[in-house]
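Please look at the sequence and the structure below before reading on.

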Amino acid sequence: MLGGLAITGAATVAVGPAIGGLLVGSLGWRAAFWINIPVAAVALVLALAGIARDPERVRSGSPRALASRIDPLGMVGFGGTLTALMIFLSGLPRPDWPTLAAALVLAALLVGWELRAAHPFLDVRLLASNGALTRTSARNGLTLMGTYVILYGLTQWLEAARGLSAYQAGLALMPMGVLTAVTARMVSKRTGVRRPLTVCAVLLLVGAVAVLFVGSGTPMAVVVAVSAVFGLTSGTGTVANQTVLYQEAPAATVGTAPGLLHTFGYIGSIASAAITGTAFHSSVDDSGLHLIAWVLVVISALVLVMTVFDRQLAKADRRHAD
């Protein structure tokens, strides 16, 4: 099931850049947003037609009881924290320190509130009490940060430094998405997690080092091959980290834990945009791409250390082997 979900996501990643490039190149950047309207409409119809009705109507009770269940203050605090953080990151390399201070204050208030909430929107207590889940979420966020750094940064570099159109740049990244889907399918058939996650970290490091040798004169075949390495990384890490998550999450939190995993992934995506924005703040050139590569080397080394020295992964493999 996890493999199927990952393959579906990877398939959209594979065709998304090409379709997005075609739309932007022919109809302008707004088309990348307009296309979501019919897509969302189709998704709504599929949800209404394909999802079974709840066997019993859930009674929300009083407005106060409903507010306790959905934690609106937690949602507002989380949204405000991320918004302030995004504004700070988008301003780099010229930091807006008051905005960062606001993000830290909001984060502290959010944590304090969520520790007291009966049904927290962001389950801080679960992160604090379950180290395996916390490490998995952090590892997933860092891995996706590295993948998105290449997805965002390489696209800009292909267009600005190599002169490709938006559509051509999207086509160049299609092998990355295809390999993500293929690798996710292969990893989903395995029960072990430590080896795939180690391979993921090693591939991330190999890809980061390879980007250091990519430049304006590098043949396109080599550039595509380097980007494909990150497709292998994404497919391996996505499925394996989700598997660890469901292995380690208590039964009562199996619906909450994936939300934490995806939250870390979204934060990694936001941070990757800040990295590319900082590296290309003056011009999109080879030196900026190599700066991204050095940051990626640090990220991948950290992911590798977190994986190799995580004893819980080996224990999980032994449990499933028994």
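## The helix and its start

In what follows, helices are DSSP runs of H or I with at least four residues, numbered from the N terminus. The structure is a predicted model, and the values given here should be read with that in mind.

Helix α8 covers residues 131-160. It has 30 residues and reaches 43 Å from its first C-alpha to its last, which is close to the 44 Å expected at 1.5 Å a residue. At the start of α8, a side-chain oxygen of N130 comes to within 3.3 Å of the backbone nitrogen of A132.

## Packing against α12

Two packed helices are described by the angle between their axes and the distance between the axes. For α8 and helix α12, which spans residues 220-248, the axes come within 10 Å and cross at roughly 160°. Because an angle over 145 degrees counts as roughly antiparallel, α8 is roughly antiparallel to α12, and the crossing in which α8 passes α12 is left-handed.

## Packing against α14

Helix α14, made of residues 286-308, also has an axis that comes within 10 Å of the α8 axis, and here the two cross at roughly 165°. The helices α8 and α14 are therefore roughly antiparallel to each other, and α8 passes α14 in a left-handed crossing. Among the α8 residues in this contact are R135, A138, R139, L142, G146 and G153, while those of α14 include D286, L289, I292, L296 and M306. The residues of the contact of α8 with α14 divide into 14 nonpolar, four polar and three charged.

Leaving aside residues up to four places away in sequence, M306 touches R135, A138, R139 and L142. From C-alpha to C-alpha, M306 and R135 are 7.6 Å apart in space, although 171 residues separate them in sequence.

## Packing against α11

With helix α11, residues 194-211, α8 packs at an angle of about 30°, and the axes are 11 Å apart. The two helices α8 and α11 are therefore roughly parallel to each other, and their crossing is left-handed. From α8, the contact is made by R139, T143, G146 and I150, and from α11 by L197, C200, L204 and V211. By class, the residues of the contact of α8 with α11 are five nonpolar, two polar and one charged.

Conventions: Residues are numbered from 1 along each chain as its sequence is written. This is a predicted model: local features need pLDDT of at least 70, side-chain atom pairs count only at pLDDT 80 or more; totals for chains, interfaces and linings use all residues. Side-chain values use heavy atoms; hydrogens and water are left out. Axes are lines fitted to C-alpha atoms, for helices over the stretch in contact, and angles run from 0 to 180 degrees between N-to-C directions. Angles under 35 degrees count as roughly parallel, over 145 as roughly antiparallel, 65 to 115 as roughly perpendicular and the rest as oblique. A crossing is left-handed if the near helix is turned anticlockwise from the far one by less than a right angle, and right-handed if clockwise. The expected span of a helix is 1.5 Å times one less than its number of residues. A polar contact is a pair of N or O atoms within 3.5 Å; within protein, one must be able to donate a hydrogen and the other to accept it, and residues adjacent in sequence count only if both atoms are side-chain atoms. Contact means heavy atoms within 4.5 Å. Ala, Val, Leu, Ile, Met, Phe, Trp, Tyr, Cys and Pro count as nonpolar, Asp, Glu, Lys and Arg as charged, and the others, Gly among them, as polar.
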